[in-house]
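Got your viewer open and a selection tool ready? Let's take a walk through this one, stop by stop.

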Amino acid sequence: MGCPWSLVAVHWTDAFDSANGWVDIETYHPKPAHVVSVGFLYPDALAGYVSITGSYMPDEDPEMETVGMVTHIPEGMVNKVVVLGEPNWSQIIT
């Protein structure tokens with residue numbers, strides 16, 4: 001039993017802005033915001049996005065109907081998707 005979707009780490013570059021207030025263009029050095037989000041890869045959730053979910057309901061096994069904490073990351077911001085090891089569902093305490 002368990003989520004039928006792959007557990008992944010999505011590495012992506014988030015949109016960001018400068019600190020509040022006036023910024024001197026001669027000394028301003030922007031640094032990209034590299035983010036790693038972990039969750040279950042939610043296939044075909046939203047066109048143009050890599051979507052992951054942080055929660056699902058195992059009582060709905062084998063057909064999932066409900067997920068929670070869905071994150072949609074624009075495909076153009078994704079650097080890579082790393083498939084993590086499958087959880088050992090037999091070791092989960094119930």
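Start by selecting Trp 5, which counts as buried at 18% relative accessibility (buried means under 20% relative accessible area, exposed over 50%, and partly exposed in between, with a 1.4 Å probe and protein chains only). Before going on, know that this is a predicted model, where local features need pLDDT of at least 70, side-chain atom pairs count only at pLDDT 80 or more, and totals for chains, interfaces and linings use all residues. Residues are numbered from 1 along each chain as its sequence is written, and side-chain values use heavy atoms, with hydrogens and water left out.

**Stop 1: the aromatic pairs**

How many aromatic pairs are there? The count comes to two, where rings of Phe, Tyr and Trp (its six-membered ring) pair if their centres lie within 6.5 Å; planes under 30 degrees apart count as stacked, over 60 as edge-to-face and the rest as tilted. Tyr 42 counts as partly exposed, at 26% relative accessibility.

Now pick Phe 40 and Tyr 56. Their pair is edge-to-face, 5.5 Å centre to centre and 85° between the planes. Phe 40 belongs to strand S2 and Tyr 56 to strand S3, so the pair ties together parts that are 16 residues apart in sequence. Phe 40 is buried at 10% relative accessibility, and Tyr 56 is buried too, at 17%.

**Stop 2: the sheet**

Switch to a cartoon view and colour the strands. Helices (H or I, at least four residues) and strands (E, at least two) are DSSP runs, numbered from the N terminus. In what order do the strands of the open sheet lie? The five strands run S4-S3-S2-S1-S5, with antiparallel pairing (two strands pair if DSSP finds at least two bridges between them). At the edges you'll find S4 and strand S5 (78-83), each pairing on one side only. From one strand to the next the twist averages 30°; the axes behind that angle are lines fitted to C-alpha atoms, for helices over the stretch in contact, and angles run from 0 to 180 degrees between N-to-C directions.

Zoom in on strand S1 (residues 7-14) and S2, which pair in the antiparallel sense over eight bridges. Select Trp 12 and you'll find its bridge partner in S2, Val 35. Thr 13 stands opposite His 34 in S2. Then slide over to S2 and S3, which run antiparallel and are joined by two bridges. Here Leu 41 stands opposite Ile 52 in S3.

**Stop 3**

Click on Val 50 next. Leaving aside its neighbours within four places in sequence, Val 50 is in contact with residues including Val 10, Leu 41, Ile 73, Val 78 and Val 81 (contact means heavy atoms within 4.5 Å).

**Stop 4: Thr 53**

Thr 53 is in strand S3 (residues 49-56). Is Thr 53 buried or exposed? Thr 53 is buried, with a relative accessible area of 1%. Its side chain reaches the backbone oxygen of Ser 55 at 3.0 Å, and a polar atom of that side chain lies 2.6 Å from the backbone oxygen of Gly 68. A polar contact is a pair of N or O atoms within 3.5 Å; within protein, one must be able to donate a hydrogen and the other to accept it, and residues adjacent in sequence count only if both atoms are side-chain atoms. Not counting residues up to four places away in sequence, Thr 53 touches, among others, Trp 5, Phe 40 and Met 69.

Most residues other than glycine have a negative phi. Select Met 69, in strand S4 (residues 67-74), where phi is near 55°, a positive value. Met 69 counts as exposed, at 61% relative accessibility. Finish at Asp 44, in the loop between strand S2 (33-41) and S3. Phi of Asp 44 is also positive, near 55°, and Asp 44 is exposed, with a relative accessible area of 82%.
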